[in-house]
Amino acid sequence: MNLFRSEEHVRRWPLYFQAADDYVMPVADWAEVFSVSMFRHRLDNDYLARSPGYLEDYRQALLAKGKAIPSPDRVLLTVMFTDIVDSTRQAAALGDGAWRTLLEQHNDVTITQIGHYGGTVVKGMGDGFMATFTSPTRAIRAAAAIQRAAADLGVQLRAGIHSGECEVAGDDLAGIAVHIANRVAAAAEVGTVFVTEPVRIAVTGSGIDFHDHGEYALKGVPGSWQLHSAMI
Amino acid sequence: MRWLFPGQEVSIESRCLDCGDSIRVRMRDEQILEITPEAAVGYMPSPFARSRAGSGAFN
């Protein structure tokens, strides 16, 4: 922290960033903000990994002082959902042991492909995955690779992809963009990668072609959505 | 200080980055014992202001 005699002095400082008033406070107020439990964890070995989860604590302390941090918890991402088709029926047909083995193999290939294409696994959901990518092209290629690898195991998948702003909620993501991606996966035909119109537009020039499937009503999502399947 | 030195009195001697005048802060836990001058302010561009895009979890 940089200390100044008064607010007048901080505003005269050549390195003062004019838009940063939220980061100027009386020292006593900073002392209170720094007393929140988030800062108790700073010496923990896993502090950096866990710090996003502590952010709300810090935000509330700043709000109590009339300050706010920008919204770094709202980020533009490409969200991919995959889902095993007819998983319940397959599990019943195979039996618990064989199904568990198959599911582990599916999980391995899915996580490997997500990593290969630079994505991040947000969470597994029993018979599917949620992952994010900074590039929609890589998300599409990852989804297609996962489907091919799963097909080799005898597993069919649906995959849905949407790009939009997501709210970072600790280790998880939330927001309408996540719901849309999930609904797109549910709408996808077996063995296809469905994407929304924003994804199709975003990957223009990538060499990926699409087949237009028309407009869909996505459950719980306002409006109608033009969906396309990636032809790769 | 609240968490680094619990229960101990901590004294911070610094200088104003604008004029160079001395600034002194004494505190124990979250309790301020002295701020000289009283109008002293802290300026801390938050690391959280930067996008999390490079921070790991959701790259």
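In these legends, a residue is called buried when its relative accessible area is under 20%, exposed when it is over 50%, and partly exposed in between, as computed with a 1.4 Å probe on protein chains only. The structure is a predicted model, in which local features need pLDDT of at least 70 and side-chain atom pairs count only at pLDDT 80 or more, whereas totals for chains, interfaces and linings use all residues. Residues are numbered from 1 along each chain as its sequence is written, chains are lettered from A and ligands numbered from 1 in the order in which they are written, and side-chain values use heavy atoms, with hydrogens and water left out.

**View 1. A salt bridge between A:Glu32 and A:Lys65.** A salt bridge is a side-chain nitrogen of Lys or Arg within 4 Å of a carboxyl oxygen of Asp or Glu, and in this pair the N to O distance is 2.9 Å. Because A:Glu32 lies in helix α2 (residues 27-33) and A:Lys65 in the loop between α4 (47-64) and β3 (74-84) of chain A, the pair ties together parts that are 33 residues apart in sequence. Helices (H or I, at least four residues) and strands (E, at least two) are DSSP runs, numbered from the N terminus. A:Glu32 is partly exposed, at 45% relative accessible area, and A:Lys65 is also partly exposed, at 25%.

**View 2. A salt bridge between B:Asp21 and A:Arg5.** The side chains of these residues meet at 3.4 Å, N to O. B:Asp21 lies in the loop between β1 (9-15) and β2 (22-28) of chain B, and A:Arg5 in the loop between β1 (2-4) and α1 (7-12) of chain A, so the pair joins two chains. B:Asp21 is partly exposed, with a relative accessible area of 35%, and A:Arg5 is partly exposed as well, with 27%.

**View 3. The largest nonpolar core, with 28 residues.** A nonpolar core is a set of buried Ala, Val, Leu, Ile, Met, Phe, Trp, Tyr and Cys residues joined through side-chain atoms within 4.5 Å. Among the residues with the most contacts inside this core are A:Met80, A:Phe133 and A:Ile140. The largest share of the core, seven residues, comes from α7 of chain A.

**View 4. The surroundings of A:Phe133.** Contact means heavy atoms within 4.5 Å, and, leaving aside neighbours within four places in sequence, A:Phe133 is in contact with residues including A:Leu77, A:Met80, A:Ile114 and A:Ala142.
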